[in-house]
Amino acid sequence: MKTKINKYIILFLGYLLTFISIQAVETDVLSFHCNEAIIEGITTRVGFSANLRIKTDSGAENQYIDFENFKGDNSSHFIKAENVKVMGTNSSYLKFSKDKDGNLRDTMEFSVDGNLIFHWNKMKNRYSKQVRLGKVYYRINQNSREGGNIDIEIDNLNIISILKIVVKKDMDFGTIIAGEKADTRESNRTPAQIEIEGVKGNNVKISMPKNTEIKNGRGDSLTVNLRFRENANEKDEGGKKTLIKKISSNVPKGNIGKTDLVEIDGSVVTKKVSEGNYKGIFTVRVEYED
């Protein structure tokens, strides 16, 4: 009977020691700066610097921060940190100091720099900008015990989503008899053709004006009415025509895909006095659809 009681007491003390070793760490990001722009799906590594304030709830002696040799990195994060050093020391190790009365400080404010590594294949639609920089440890009888993680939320991290229009063909009406009308759906005439490159799996909204002008060398103008060839899916929004397209996910590698070919048709009515070569431009805009 006594033996069982002793086992229970030892087991209880073991749980108690495990419980009291848990430590809370508060990390405030006072400032954060990246050395260059971060382009989604493209940037793999970027340098950063940050000013941090770390506070612990432990009064343990020999308390320190390790930015290099910590374990338990969250592999689900798509942003990782490496080569983190305390600025001015070139060290990844920082010990909590004591105040003038000999009491251990529970708060430190300092600056670090290092690299952010981006694993875009782990990024989800609702992603977190959380980064684990290191851990707080403390020593008991020459043994290091883990404290809390130093995790930061980089709310102001500006990730630029790549989005590009690739013009495959310009619109070309060819030769038109003066006074006649022409349409790019007719033979021997060419619609404009574009592709959109961006982050695969996303929808994009393509916008263009309803019409544009073309002019000859004398300044005579003609109006060209524009429409998407997929006109069953186009919409009129505030004097513009819009079309929603999906960026293909059928890309074997990487995070960047393309839409199917987008064709833009035009129609024009010439005048009896129209002559010469007519040229013009119109602007197509594209944005991610929320």
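Predicted model: local features only at pLDDT ≥ 70, side-chain atom pairs only at ≥ 80, totals over all residues.

User: How many helices and strands does the protein chain have?
Analyst: Helices and strands here are runs assigned by DSSP and numbered from the N terminus. Counted in that way, the protein chain has one helix and 21 strands.

User: What share of the contacts in the protein chain with a separation of 6 or more is between residues 24 or more positions apart?
Analyst: A contact needs heavy atoms within 4.5 Å. Among contacts with a separation of 6 or more in the protein chain, the part that joins residues 24 or more positions apart is 74%.

User: What percentage of the 290 residues in the protein chain is buried?
Analyst: A residue is buried when its relative accessible area is under 20%. Of the 290 residues in the protein chain, the part that is buried comes to 37%.

User: In the open sheet with the order 17-18-14-21, which residue of strand 18 is the bridge partner of K235?
Analyst: The sheet is made of four strands with antiparallel pairing. Strand 17 (235-237) stands at an edge, as does strand 21 (285-288), and each has a single partner strand. Strand 17 pairs with strand 18 (residues 240-246) over three bridges. In strand 18, the bridge partner of K235 is T242.

User: What is the volume of the largest pocket?
Analyst: The lining of this pocket divides into 18 nonpolar, nine polar and five charged residues. Strands that each supply at least two residues of the lining include strand 11 (163-169), strand 13 (192-199) and strand 20 (262-269). The volume of the largest pocket is about 800 Å³.

User: Which of the 32 residues that line the largest pocket are the closest to its centre?
Analyst: Strand 15 (211-215) and strand 16 (221-228) are among the strands that each supply at least two residues of the lining. Of the 32 residues in the lining of the largest pocket, the closest to the centre are M171, F173, I214, Y278 and K279.

User: Is N216 buried or exposed?
Analyst: N216 is found in the loop between strand 15 and strand 16. Leaving out residues up to four places away in sequence, N216 touches E275, N277 and Y278. The relative accessibility of N216 is 8%, and because the cut-off is under 20%, N216 counts as buried.

User: How far apart in space are N216 and K279, C-alpha to C-alpha?
Analyst: In sequence, N216 and K279 are 63 residues apart. In space, the C-alpha to C-alpha distance between N216 and K279 is 6.5 Å.

User: What is the relative accessibility of E195, which counts as buried?
Analyst: E195 has its place in strand 13. Residues up to four places away in sequence aside, E195 touches K164, I165, V166, K168, K258, T259 and L261. E195 counts as buried, and its relative accessibility is 14%.

Terms used: Residues numbered from 1 in each chain as written. Heavy atoms only, no water. 1 Å grid on protein atoms, 1.4 Å probe; cavity = no way out; pocket = protein on both sides within 12 Å on 5 of 7 lines; lining within 4 Å. Points joined across faces, edges and corners; volume = space filled by probe spheres on them. Nonpolar A, V, L, I, M, F, W, Y, C, P; charged D, E, K, R; others polar. Pairing = 2+ DSSP bridges. Buried < 20%, exposed > 50% of the residue type's maximum accessible area, 1.4 Å probe, protein only.
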